[in-house]
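Please look over the sequence and the model together before reading on. The report below goes through surface, domains, chain contacts and charged pairs in turn.

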Amino acid sequence: MIEIRIHGRGGQGNVVAAYLIAMAAFEEGRYGQAFPNFGAERRGAPVMAFVRIADKPIQQRNQVLAPAFLIVQDQALLQIPGVTDGLLANGKILVNSNLTSAVISAQLRKEVIAIPAANLAKQVLGRPMPNTALLAAFFSLTGLLSLESLAKVLKHRFKDAVLEKNLQLIEQAAQQIQAGLWQRSNSNSTNQEEAVHATST
Amino acid sequence: MLQALEGSQAVAQAVALCRPQVIAAYPITPQTHIVENISKLVADGKLQCEFVSVESEFSAASLVLGAAIAGSRAYTATSSQGLLLMAEVLFNIAGLRVPMVMTCANRAISSPLSIWNDQQDSMSMRDCGWIQLHCADNQEAVDTTIQAYLIAERTELPVMVCMDGFTLTHTLETIDIPTSKQVDSYLPPYQFSRTLDPRNPITLGTCVAPEFYSEARHSQHQALLKAQAEIVAVDQEWLALTGRQMGGLLTVEGPAEAKVAILSIGSVIGTLRAALEEIPPPQPVKLIKLRAYRPFPMDALKVACEGLEEVIVLERAISPGLGGIVGLEVLAALSELPNPPRVHNFAAGLGGRDIPLTILPRLLSALNNEETASRRFSVIDVELAKLPMEDR
């Protein structure tokens, strides 16, 4: 089972993002579970949403405490205590930011990929909604689910101009990152561990 | 058909499949999405039904009461304060023995104000005379909603379908929505034996003097008790139709030789199931899912607990000044066994506090802790350090 936590601010489509991931999992014949953690339901307030993907029905309904991936819709949230809590040792962070991945990785000492999702969205959609661009990058980086499935579930959710622009946006967003970089993350981390081990001996 | 749906959306579809004729509701978090989705089905012409927006839950309940007595299949949904505002009418609906279905998206009660999930709302309406069925997941919420109409109309009793607010209502997951053909073959058109008819006038809800009040209450109690058989039968018929069953009054899972069982109600069952797999306990443990809370299945519970030494009851509400609500009822039922197991009673997850997988080892270790084992009841996830000394 893969667990994902989404951090964002009220109004950034956090719950929609979580639902879209779970719907894409369903499209691919897997099981998806997505739910919000509502705090104060105000625009701009920090909010979370949780996603689980598995090959069998998902039983537990507790919050995701030890995610393999964090999707962060607002870079400023990374400064809030608790946002990166519980991230697995080889866990990865995808963030909407105009800074480079290297800068944020160095700040957090974690593996971070940054893409200017809100900027891209502003150009394509006319609104700085980072969620679908981040999802495209996430699907492409991890290879967990395909961009075709993302397009499919967007078609369930949106229509007309909003749909067309989102389809254009996810294509552009996916080009911002190296596809498959986070694929087979376990074997990568094993290689890294071996490399560290080799240097120390 | 299998679909990835939000719980509320799925329940709205299940209600629509039952072809309700009158719906009245007032929005309240976390129930709102259910009636919002239904009103959309009505507006889109996908559901032929009178949808009445009312100014309060009191009116919602009153309106569906009138509609059901006048011969319409009726539905409403609410949560928390909304359920409390309905209280007076809920007793009337049950006392008049009017069949209808309501969804209670379980939520905490003020004060302090909390919009989040626990089961204090439906528990506080325990004695209003409605059948109360609890759902462990959204599939159960869908299937139980449909079953509820059949139970209600066969027993002439109202049914409250309880589903955990947010934890179920706002969770998107894979749900099998039955076809309208299936539901139509399962649920015949609404018929109520005492439908108001101007050609044959009768009086309902009249003042009953002491000569007959006790008889009215006795027969209401008997009707609820007898409904147990119908709850089981209706689930069996659903199994024959869809291949799914929701567990009748209660279900027992786990190894037959287990001497310890955890009994709970609602969506925490899934978390406990996952915990049993992820954090295997040293001793075999059974899991008892209580589905029917009213009528309370005394006999089924005794059968389920025969041979057990320890029963841990985990619940999501409190009776202040007493302790657990379900726990005490379980204790009462099991006291009739020749060798009754010890009953340990805990509340957790009040006002939306997350219940993590580690609840399982925590519950089990309480068995060996003399202090907690001797206490009848405690809120197991309370953080006492947050409280002043005198309140600990």
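## An exposed side chain and its patch

B:Phe212 counts as exposed, because its relative accessibility is 59% and the threshold for that class is over 50%. The structure discussed here is a predicted model, and within it B:Phe212 belongs to helix α8 of chain B, which covers residues 210-242. Together with B:Val208 and B:Tyr213, B:Phe212 makes up a nonpolar patch on the surface, and the accessible area of these residues taken together is about 320 Å².

## Two domains in chain B

Chain B is divided into domain 1, spanning 2-242, and domain 2, spanning 252-391. The C-alpha centres of domain 1 of chain B and domain 2 of chain B are 28 Å apart, and contact between the two involves 29 residues of domain 1 and 25 residues of domain 2. Between them the two domains of chain B bury about 2100 Å², with 52% of that area on carbon and sulfur atoms. On the side of domain 1, B:Met123, B:Arg126 and B:His134 supply 26% of the area buried against domain 2, which is more than any other three residues contribute.

Charged pairs also occur at this boundary, where 3 salt bridges are counted between domain 1 of chain B and domain 2 of chain B. B:Arg126, already named for its buried area, meets B:Glu329 in a salt bridge through their side chains, with 3.2 Å from N to O. Both B:Arg126 and B:Glu329 are part of a network of salt bridges that also links B:Asp127 and B:Arg294.

## Where chain B meets chain A

Between the chains, 27 residues of chain B are in contact with 20 residues of chain A, and the area buried is about 1900 Å², of which 57% comes from carbon and sulfur atoms. Within chain B, the residues that lose the most area to chain A are B:Leu172, B:Thr174 and B:Asp354, which together account for 28% of what that side buries.

The count of salt bridges between chain B and chain A is 2. B:Glu173 forms a salt bridge with A:Arg61, and the closest N and O atoms of this pair are 2.9 Å apart.

## Salt bridges elsewhere

Side chains of opposite charge can pair when their charged atoms come close. Over all chains, a search of the whole structure finds 27 salt bridges. One of the pairs in chain A joins the side chains of A:Asp55 and A:Arg30, at 3.2 Å from N to O. This pair links distant parts of the chain, with A:Asp55 in the loop between β3 (46-54) and β4 (69-72) of chain A and A:Arg30 in the loop between α1 (14-27) and β2 (31-37) of chain A, 25 residues apart. A:Asp55 counts as exposed, with 64% relative accessibility.

In chain B, the side chains of B:Arg316 and B:Asp164 meet in a salt bridge at 3.9 Å, N to O. B:Arg316 lies in the loop between β13 (310-315) and α11 (326-334) of chain B, while B:Asp164 lies in strand β7 (residues 159-164) of chain B, so this pair ties together parts that are 152 residues apart in sequence. B:Arg316 is buried, with a relative accessible area of 5%, and B:Asp164 also counts as buried, at 1% relative accessibility. Another salt bridge of chain B joins B:Asp44 and B:Lys40, whose closest N and O atoms are 3.2 Å apart; here B:Asp44 is partly exposed, with a relative accessible area of 42%.

Notes: Residues numbered from 1 in each chain as written. Chains lettered and ligands numbered in written order. Predicted model: local features only at pLDDT ≥ 70, side-chain atom pairs only at ≥ 80, totals over all residues. Heavy atoms only, no water. Patch = residues over 30% accessible without salt bridge, like charges linked within 9 Å, V, L, I, M, F, W, Y side chains within 5 Å. Areas by Shrake-Rupley, 256 points an atom, 1.4 Å probe, with all protein chains shown as cover. Salt bridge = Lys/Arg side-chain N within 4 Å of Asp/Glu carboxyl O. Helix = DSSP H or I, 4+ residues; strand = E, 2+ residues; numbered from the N terminus. Buried < 20%, exposed > 50% of the residue type's maximum accessible area, 1.4 Å probe, protein only. Domains from an automatic or database assignment. Contact = heavy atoms within 4.5 Å. Buried area = accessible area lost by both parts, 1.4 Å probe.
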